[in-house]
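Hi there,

Here is the structure I promised to pass on. Have a look at it first, and then read my notes below.

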Amino acid sequence: RINQVLPTITGEETRAIQRWMRSVIDRLDRYKTEHKRVLKEATTLLELALWKANLGDNEGREGKGVRTTRGSRKRARKESCVTSGASIVIKNVLPFLQLLE
């Protein structure tokens, strides 16, 4: 139907359709930009959640009655961040959240 109508429209109608198309494309661009921002935030939150979950798992591993220093706890937290597996999880989850180009 659109192919039958388009050849018969006037110049003013053509400009109106072009303005409408431009507004739709602009809105899509804004939505894509917003999606990228939200995706980046969600990725950060996922990484922090994985790290926190891993911290909780590792807290019980310290021996009872063993004195820990602030430095050893800090090193353990840093190691936990590196070994939390977040990079692997995010790498495998991100493709499902990204928009197709």
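Among contacts (heavy atoms within 4.5 Å) in the protein chain between residues at least 6 apart in sequence, 81% join residues at least 24 apart. Please keep in mind that this is a predicted model, where local features need pLDDT of at least 70, side-chain atom pairs count only at pLDDT 80 or more, and totals for chains, interfaces and linings use all residues. Residues are numbered from 1 along each chain as its sequence is written, and side-chain values use heavy atoms, with hydrogens and water left out.

The chain has four helices and zero strands, with helices being DSSP runs of H or I of at least four residues and strands runs of E of at least two, numbered from the N terminus. Of its 101 residues, 8% are buried, meaning under 20% relative accessible area, while exposed is over 50% and partly exposed lies in between (1.4 Å probe, protein chains only).

Glu47 sits in helix H2 and is partly exposed, at 39% relative accessible area. Beyond its neighbours within four places in sequence, Glu47 contacts Ala86 and Ile90. Glu47 and Ile90 are 43 residues apart along the chain, yet their C-alpha atoms are separated by 7.4 Å.

Leu6 may interest you too: this residue lies in the loop between helix H1 (2–5) and H2, and is partly exposed, with a relative accessible area of 40%.

Best wishes
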